[in-house]
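This report describes one protein model for a reader who is new to structures.

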Amino acid sequence: MAALSPLEDRWEGSQNEWFFRGHGDARWPLVPTSLRTNCPARFGFGASRCFGPLTTNQAQILAELELIKYLAHHLDDQGIHFPGEDLVPRYRSQRVQNWMLEWEKELFRFPVERQLPLFAIAQHNGIPTRLLDWSEDPLTAAYFAAVPRATEGERADGTELAIWSLRAHFLRTWEFMGNIEIEIVTPPWSANPNLCAQRGHFTIHRPILKRDSPPCASSLDELMTDYARQAERWAEQEGKPRVELPVMRCLKLPGEQSNRLLRLLRAHGVSAGSLYPGHRGAAAAVLERQLWED
């Protein structure tokens with residue numbers, strides 16, 4: 001808890017430059033749900049159901065877009081506005097179909113930029129995408145690291161929790177370098193109370209793609225290390241100020257501390273009740289209280 005304080009020296013007096021992400025198991029890679037191999041996502045419906053990632057970019061993109069298409073259908077069925085829908089024809093089937101075909105106009109970047117807010121809605125509601133969730137608040141990240149382990153109960157395998165931190169300032173400062181393909185996605189919080197409560201953001205790796213090549217499933221920490229080295233070389237060649245390092249950190253905690261961590265987080269006002277506003281979050285907070293360490 002002390003290490004996550006904004007007064008801690010490692011945050012250099014400005015925690016707002018950092019995003020945070022919690023993992024219930026420190027061994028989990030920083031790979032988005034749609035591209036994971038250790039816990040593969042399911043795509044397709046009926047007889048076409050399969051686990052990813054698929055063998056080519058084209059097959060993977062179509063499988064991901066199919067899920068997004070049905071999300072758009074269900075949002076439209078409920079009369080809920082989804083980002084970008086007002087920019088295409090009002091005829092319903094054509095409007096939703098355009099979301100499926102948009103990628104062909106900009107083949108080598110996926111998703112296209114105007115689709116990113118809808119993908120963020122999908123990611124925040126459990127549909128596998130290429131986005132990774134982050135929070136401005138380190139205690140929120142700690143909560144999402146602690147909950148799965150505390151819910152599972154004690155395990156004697158020595159597994160650790162992890163809080164990843166990402167220097168968002170690096171991406172914002174060096175985004176003019178065309179070879180940095182990691183982007184920050186922040187959909188409007190006004191349309192998503194949970195995302196607002198969690199101070200949520202997303203990152204996405206959008207490299208140049210080829211139809212028949214296999215999808216890139218590199219871990220974000222590996223990608224960021226490469227981009228930091230490229231930025232350092234460029235800064236040295238151009239006589240620019242040095243790159244602020246490190247661009248990422250990983251703080252770990254023994255997994256058996258999960259229950260105690262939940263109690264300490266609640267003392268700082270972080271629980272299901274604060275992160276999921278409404279009746280459901282309040283009820284979840286009651287059940288979490290049963291998991292606290294005495």
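Does Asp25 count as buried or exposed? At 6% relative accessibility, Asp25 counts as buried, where buried means under 20% relative accessible area, exposed means over 50%, and partly exposed lies in between (1.4 Å probe, protein chains only).

## Basis of the report

This is a predicted model, in which local features need pLDDT of at least 70 and side-chain atom pairs count only at pLDDT 80 or more, while totals for chains, interfaces and linings use all residues. Residues are numbered from 1 along each chain as its sequence is written, and side-chain values use heavy atoms, with hydrogens and water left out.

## Salt bridges

Side chains of opposite charge can pair when their charged atoms come close. A salt bridge is counted when a side-chain nitrogen of Lys or Arg is within 4 Å of a carboxyl oxygen of Asp or Glu. The count by this rule is 10 salt bridges.

One of them joins Asp25 to Arg27, at 2.8 Å from N to O. Arg27 is exposed, at 62% relative accessibility, whereas Asp25 is buried. Another salt bridge links Arg109 and Glu181, at 3.9 Å from N to O. Arg109 lies in the loop between helix 2 (92–101) and helix 3, and Glu181 in the loop between helix 5 (168–173) and strand 6 (182–185), so the pair ties together parts that are 72 residues apart in sequence. Helices (H or I, at least four residues) and strands (E, at least two) are DSSP runs, numbered from the N terminus. Arg109 is partly exposed at 25% relative accessibility, and Glu181 is buried at 18%.

A further salt bridge, 3.9 Å from N to O, is formed by the side chains of Arg167 and Glu17. Because Arg167 is in strand 5 and Glu17 is in the segment before strand 1, this pair ties together parts that are 150 residues apart in sequence. Arg167 is buried, with 1% relative accessibility.

## Strand 1

In a regular strand the side chains alternate between the two faces of the sheet. From strand 1, Trp18, Phe20 and Gly22 point one way, and Phe19, Arg21 and His23 point the other way. Six of the six residues of strand 1 are buried, so this strand is largely enclosed by the rest of the structure.

Strand 1 runs antiparallel to strand 5 (residues 160–167), and six bridges join the two. Strands pair if DSSP finds at least two bridges between them. Opposite Arg21 stands Trp164 in strand 5.

## Pockets

A pocket is found on a 1 Å grid over the protein atoms alone, as an open set of points with protein on both sides within 12 Å along at least five of seven lines; lining residues have an atom within 4 Å of a point. A volume is the space filled by probe spheres (1.4 Å probe) set on the points, which are joined across faces, edges and corners. The largest pocket holds about 960 Å³ of space. It is lined by 34 residues, and the closest to its centre are Arg21, Arg36, Gln123, Asp133 and Phe144. Helix 4 gives the most to this lining, with six residues.

The second largest pocket has a volume of about 400 Å³. Its lining has 17 residues, of which Ile80, His81, Ile121, Ala191 and Asn192 are the closest to its centre. Helix 3 supplies the largest share of this lining, four residues.
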